[in-house]
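Hi,

Here is the structure I said I would pass on. Have a look at it, and then read on for what turned up.

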Amino acid sequence: MRLETRWALVRFLITFLSLFPGWMLFTWSLDPGSLVAGIVSSLVVAWFTYSIFVDESEAARRAHLPRPHYFIVYLVVLVFNMYVASFQVLWQILRGKINPGIVHFRTRLKTDIARVALTSSITLTPGTITLDLTDDHLVVHWLDARTTHSRYAGELIKGIYEKLLRRIWL
């Protein structure tokens with residue numbers, strides 16, 4: 001089997017293995033009919049989209065499959081930060097001290113999926129919304145803009161997310 005064919009097969013399997021658990025989560029059913037429908041639809045969608053879903057140049061297996069133990073820690077940290085940030089935003093609103101601003105900064109994450117996870121995490125955290133992601137450059141609207149210095153703002157907003165995401169997706 002040629003190397004390109006093997007890599008296409010791996011990309012197809014990664015796509016299928018990403019879609020089928022999503023089907024299981026959305027249907028929340030172990031009914032045989034539901035499982036067969038999920039497998040068939042995931043196979044069909046994976047067949048037509050694997051070349052889009054997994055880029056041919058991203059050859060590293062770790063670029064797509066997260067390390068589970070770091071991923072669980074990341075989710076716990078994300079949920080905790082979401083709660084803390086929601087109370088901080090509430091406190092700022094009650095005090096009437098809101099200092100909105102738009103900041104630009106870079107990320108050191110190498111893979112697209114890690115960058116998208118970072119931007120989603122920033123957006124899920126109350127008080128920040130990612131406006132744009134271009135390569136490694138992020139534009140974020142920040143409700144409590146403490147600084148306009150790019151590097152410092154990036155460190156405050158990214159927090160521990162970037163460090164954990166670097167461990168999840170190499």
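One term before we start: the bend at a residue is the angle between two axes, one fitted to the seven residues ending there and one to the seven starting there. With that in hand, look at helix 2, which has a kink of about 50° centred on Trp47. Keep in mind that this is a predicted model.

The end-to-end span of helix 2 is worth a look too.

Which residues of helix 2 are buried? Ser34, Gly38, Ser42, Ala46 and Tyr50 are. Part of what covers the buried residues of helix 2 is helix 1 (3-27).

Now for the whole chain. You'll find 6 helices and 3 strands in it, and from the N terminus the order is α-α-α-β-α-β-β-α-α. The C-alpha trace spans about 60 × 40 × 25 Å along its principal axes. Of the 170 residues, 33% are buried.

As for the surface, the chain exposes about 11000 Å², with carbon and sulfur atoms supplying 67% of that.

Cheers

Key
Residues are numbered from 1 along each chain as its sequence is written. This is a predicted model: local features need pLDDT of at least 70, side-chain atom pairs count only at pLDDT 80 or more; totals for chains, interfaces and linings use all residues. Side-chain values use heavy atoms; hydrogens and water are left out. Helices (H or I, at least four residues) and strands (E, at least two) are DSSP runs, numbered from the N terminus. Buried means under 20% relative accessible area, exposed over 50%, partly exposed in between (1.4 Å probe, protein chains only). Accessible areas come from the Shrake-Rupley method with a 1.4 Å probe; for residues, only the protein chains shown count as cover. Contact means heavy atoms within 4.5 Å.
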